[in-house]
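User: Hi! I'm new to reading protein models and would like to learn how the labels are decided. Could you go through one with me?

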Amino acid sequence: GLQVDAHVEMGEYPQAVATCDRMVEIRPDIRSYSRVSYLRELHGDVNGAIAAIKQAIAAGVAGREETEWARMVLAHLYEDSNQLEKAKSTYETALQFRPDYPFALAGLGRIARYQKDYPYAIECYEKASKVMNEVAFFEELAALYQLNQMPEKAAQCYQITIQALEADNQTATDD
């Protein structure tokens, strides 16, 4: 798996595919099928990526973080291919297996934003940010507060976002 990832990061896609094929031969599981999905996505094969990530989910254990993360990949693929109802359903399924999973909550918030249901989008992102202090959630909340005519709350979220990015930058500088 690390070799596949390294080849991808280096832009060595033929080697990544060959290594991934070997990985699937040795151990067809959630990790190998997830990599197949990503490689297919990189090559523009969205339907193939969806099929492979479904195999990854089926190979995993429902409710475990790695399985629900794979389910998030599936939902994103649906979003990216404008299949919003399937994406929404996939996020809802993740929440059945892993209640309050912040990435599924954020996904529902994103769908609500696309549909201009800003109050529900805000509700989803607020729940997600209470579960996990993730800068991307606050960044989205700031934009949603702006869209919903709530400038004070937007300013608070922008400040949280800036502070988090500055802290990350400082950590990178220190390292």
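User: Which exposed residues does the face of α6 turned away from its buried side carry?

Analyst: That face carries E85 and Q96. A residue is called exposed when its relative accessible area is over 50%, buried when under 20%, and partly exposed in between (1.4 Å probe, protein chains only). Before we go on, please note that this is a predicted model: local features need pLDDT of at least 70, side-chain atom pairs count only at pLDDT 80 or more, and totals for chains, interfaces and linings use all residues. Residues are numbered from 1 along each chain as its sequence is written, and side-chain values use heavy atoms, with hydrogens and water left out.

User: Which residues of α6 are buried, and what makes them line one face?

Analyst: The buried ones are A87, T90, Y91, A94 and L95. Seen down the helix axis, they fall within an arc of 140°, so they line one face of α6. The arc is taken from the directions from the helix axis to the C-beta atoms. In general, an α-helix has 3.6 residues a turn, so residues three or four places apart point the same way.

User: What do the buried residues of α6 pack against?

Analyst: They pack against α5 (65-80) and α7 (102-114), where contact means heavy atoms within 4.5 Å. Helices here are DSSP runs (H or I, at least four residues), numbered from the N terminus.

User: How do you know that the length of α6 agrees with its number of residues?

Analyst: The expected span is 1.5 Å times one less than the number of residues. For the 14 residues of α6 (residues 84-97) that gives 20 Å, and the end C-alpha atoms are 20 Å apart, which agrees.

User: Why is the pair R71 and E68 called a salt bridge?

Analyst: The term asks for a side-chain nitrogen of Lys or Arg within 4 Å of a carboxyl oxygen of Asp or Glu. The closest N and O atoms of R71 and E68 are 2.6 Å apart, so the pair qualifies. Both residues are buried. They are 3 residues apart in helix α5, and therefore separated by about one helical turn.

User: What makes D29 count as buried and R31 as partly exposed?

Analyst: D29 has 10% relative accessibility, so it counts as buried. R31 has 36%, so it counts as partly exposed. Their side chains meet in a salt bridge (2.7 Å, N to O).

User: How many salt bridges does the structure hold?

Analyst: It holds 8.

Terms used: Helices (H or I, at least four residues) and strands (E, at least two) are DSSP runs, numbered from the N terminus.
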